[in-house]
Amino acid sequence: MTQAPLYAPREPIFPRRVSGAFRRLKWWIMGVTLAIYYLTPWIRWDRGPNLPDQAVLVDLANRRFYFFWIEIWPHEFYFVAGLLIMAGLGLFLFTSALGRVWCGYTCPQTVWTDLFILVERWIEGDRNARVRLHRAKWDFHKWRLRVSKWVVWLTISLATGGAWVFYFTDAPALAADLVRLTAHPVAYITIAVLTLTTFVFGGFMREQVCIYMCPWPRIQAAMMDPDTITVAYREWRGEPRGKGNVRKRDRAAAEKAEREAQAAGEGQQVRYKATPYPSMPLQVGGAPKLTAEINEHGDCIDCMACVNVCPMGIDIRDGQQMECITCALCIDACDDVMDKIGKPRGLIDYMALSDEAAERAGGVPKSIWRHIFRPRTLLYTALWAALGAGLVYALFIRSDIELTVSAVRNPTYVMQSDGSIRNIYDVRLRNKLGEDRVFHLSLSSDDLLRIEVQGADGTLDVNVPADSTTLQRVYVTARPQDPAATRANTDLRIWVEDKGTGDRASRTTTFNGKESE
Amino acid sequence: MTDKQVDEETGVETTGHVWDGIEELNNPLPRWWLWTLYATIVWAIGYTIAYPAWPMISGATSGLLGYSTRAEVSADITAHEAKNAGLVAELVAAEMTEISPQDDLHRYAVARGGSVFRAQCSQCHGQGAAGAKGYPNLLDNDWLWGGDQEAIAYSIRHGIRNETDFDARYSEMPAYGEMFSEAEIGAVVEYVVGLSSAEHDAALAAEGAPLFADNCAACHGDAGLGNREMGAPNLADAVWLYGGDRETLTETVTYARYGVMPAWGQRLSEEDVRAVAIYVHSLGGGE
């Protein structure tokens, strides 16, 4: 026998234009997310003379992250970790409730591919024109369309890569440098790489990225359960599918059978019960359908609209598939067709898989709220909210003045020539304000201890420049006759006070006496 | 292609391979994936030509780009030194006692001196500069030869009691075991203990007092406060280089102590000597 091929070429996909509720929602989401992405670096936020005025700035060189009124320092990286955990929990929540809604609506790969397809349709025409062009010879007409499309794609890609670098340095200054060709090579390289990936991923790889490169489809698919709302085909209602001519042929026979049945006194049956998905209004249009016709043929007229609009090139009627990003365009396409042929909408619909089985058995599907509010999603919401509340709390209790005290324990103490015992501490003082501040150090303890600031000529004031930290060495001394000099450990607290504002902060530490050895 | 086999359950073509009744499905990889693999192979070959890669009998191929991590580090070091050249020149020319702790020069000297100290000095004086028996603690305020930056720099530059530097600090206490009887040594030790501690045998110490005045006071001073000119330690304070208990003191008086330190001026640059002096001075005991 012949060996089946191990590698398959990509099947080109030509999604047809579709309109409907979900398409409109997707246009809105695309507009909003792209606007956020492109415009955010240009928002200004006044922080005073010593700090950058960019609202959102990841300042890697100075190790600061600015987000409007929030400034994150490296030692507060737990905020970023917390946000990442929240993003993870949010993904769990949305996936368990609404399936791969991230993939279908907000994933950059989806959004940019959508944008690129929009450009493609604008230049080359809708599905049929594009299929023809794909098969056509490479003549002037084809070259002209292709090159125009690529130029627009490249422009979008360049803007995409270009916007990214603005998040990491002052946007207006960098933009000027970029134009004058004086920006740092890293900026150009980053823009080049992102331009290339956007161009290739959005223009040519498209669904291949989702299917072969992205780990999310596997992870998200594993987080779905029978209660998860996802895009599905009502097989019980659609099958057996049939095109118009098949139907016409069968219809005559069916009507005949129906007339005979009515003559025999059997009543009419209406098979549609209730809409399984409240947001999609049930439209029972036209005259009551004959039972026999309904039973003979499903509502699916096999028009392939759902397949033709699918950006992933799959047939949703084959059931749940790894490739499906639940973009819901097939719902719009099918609803459109159902409206035209006077059948209720929702042949393809957002529904829980458990509902499909329930409806097939003639039961009533659960309400959408009971699908969404169940222990699993409530737990995710609770965890997500608790973490968020914790982070907000942490954000509000942060002070502008901070210190950490690390005791120098090599050696544990120093004996001075007069027999007094000295301990050394490295105190890191943080001034989070945009102006220089003078910090006054002091000490509190139950025992007699004396504090000195290294190199300060007897004062206890330390100048800390704006938006920076200072490492200050501090001596704490116990006289020979004081109990702390002999005792193994004595607790103490080192205080720092901003003399201007009166803000205070403190840290506890331990003083080692002679018996500590 | 009638001999294609299709799995009934999934509708997927099989490769025709069967093991114990288990058929291998053929879900073909995309073609571009294969091309990506080839591209990485080509890249890898190009990489091994461009960069050092292939091991040879001695060394490895150097690569067309002539890249070397060692050369990169050395370039980094050169660039770093060029950047600090101004500070180094300032450090060499500076009056060390005049440098303010808030100065950038001071910060630079402490950082530089600290790294030299940890590499060269910590073997004897310890990572934390707390010393050990026979090796002075550099954190306290007790200094044998002086504790300002210049005096410390002199000690570092010329060392202590070494034969290689004519200007080395030199102190030589006689070994009194050859001159004193054991009883006399015991009396002198008790007198020395009494200088710094209330807990001593006053009668015995009184016996030792004249011996101390005749033999020891010349260097250590009448009150035992020491003499930095001669490197004679202060015997009345709480800090002891070898130990302040009677047993150790007896040993010290009997055999004397001859600690040594190398002349670092012969091994370190002037800026390093000065940096270490400023670093040691900054540790807390500096005068």
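**Exercise 1. Confidence in chain A**

Find the mean pLDDT of chain A and the stretch where the pLDDT is below 50.

*Solution.* Chain A has a mean pLDDT of 86, and 91% of its residues reach 70 or more. Here pLDDT is the predictor's confidence in each residue, from 0 to 100. Two residues are in contact if their C-beta atoms, placed from the backbone, lie within 7 Å.

This is a predicted model: local features need pLDDT of at least 70, side-chain atom pairs count only at pLDDT 80 or more, and totals for chains, interfaces and linings use all residues. Residues are numbered from 1 along each chain as its sequence is written, while chains are lettered from A and ligands numbered from 1 in the order in which they are written.

**Exercise 2. Domains of chain A**

List the domains of chain A, then describe the contact of domain 1 with domain 3.

*Solution.* Start with the bounds, which come from an automatic or database domain assignment. Chain A is divided into domain 1 (21–76 + 103–222), domain 2 (229–366) and domain 3 (401–516). The centres of domain 1 and domain 3 of chain A, taken over C-alpha atoms, are 51 Å apart. Their contact takes six residues from domain 1 of chain A and five residues from domain 3 of chain A. On the domain 1 side there are two nonpolar, two polar and two charged residues. Ala, Val, Leu, Ile, Met, Phe, Trp, Tyr, Cys and Pro count as nonpolar, Asp, Glu, Lys and Arg as charged, and the others, Gly among them, as polar.

**Exercise 3. Strand β5 of chain A**

Why is β5(A) largely enclosed, and which strand pairs with β5(A)?

*Solution.* First, count burial. Five of the five residues of β5(A) (residues 229–233) are buried, so the strand is largely enclosed by the rest of the structure. A residue is buried if 20 or more other C-beta atoms lie within 10 Å of its own, exposed if 12 or fewer, and partly exposed in between; C-beta atoms are placed from the backbone. Strands (E, at least two residues) and helices (H or I, at least four) are DSSP runs, numbered from the N terminus.

Third, find the partner. β5(A) pairs with β6(A) (residues 348–352) in the antiparallel sense over five bridges. Two strands pair if DSSP finds at least two bridges between them. A:Y233 has A:I348 as its bridge partner in β6(A).

**Exercise 4. Where the chains meet**

How many residues does each chain give to the contact, and which elements of chain B take part?

*Solution.* Chain B gives 28 residues and chain A gives 25 residues. On the chain B side, β1 (14–19), β3 (29–30) and α1 (31–50) each give two or more residues. The largest share, four residues, comes from α1(B). By class, the chain B side has twelve nonpolar, nine polar and seven charged residues. B:P30 is the bridge partner of A:A8.

**Exercise 5. Layout of chain B**

How many helices and strands does chain B have, and in what order do they run?

*Solution.* Chain B has eight helices and three strands. From the N terminus on, the order is β-β-β-α-α-α-α-α-α-α-α. The C-alpha atoms fill a box of roughly 120 × 55 × 45 Å, taken along the principal axes. Of the 287 residues in chain B, 28% are buried.
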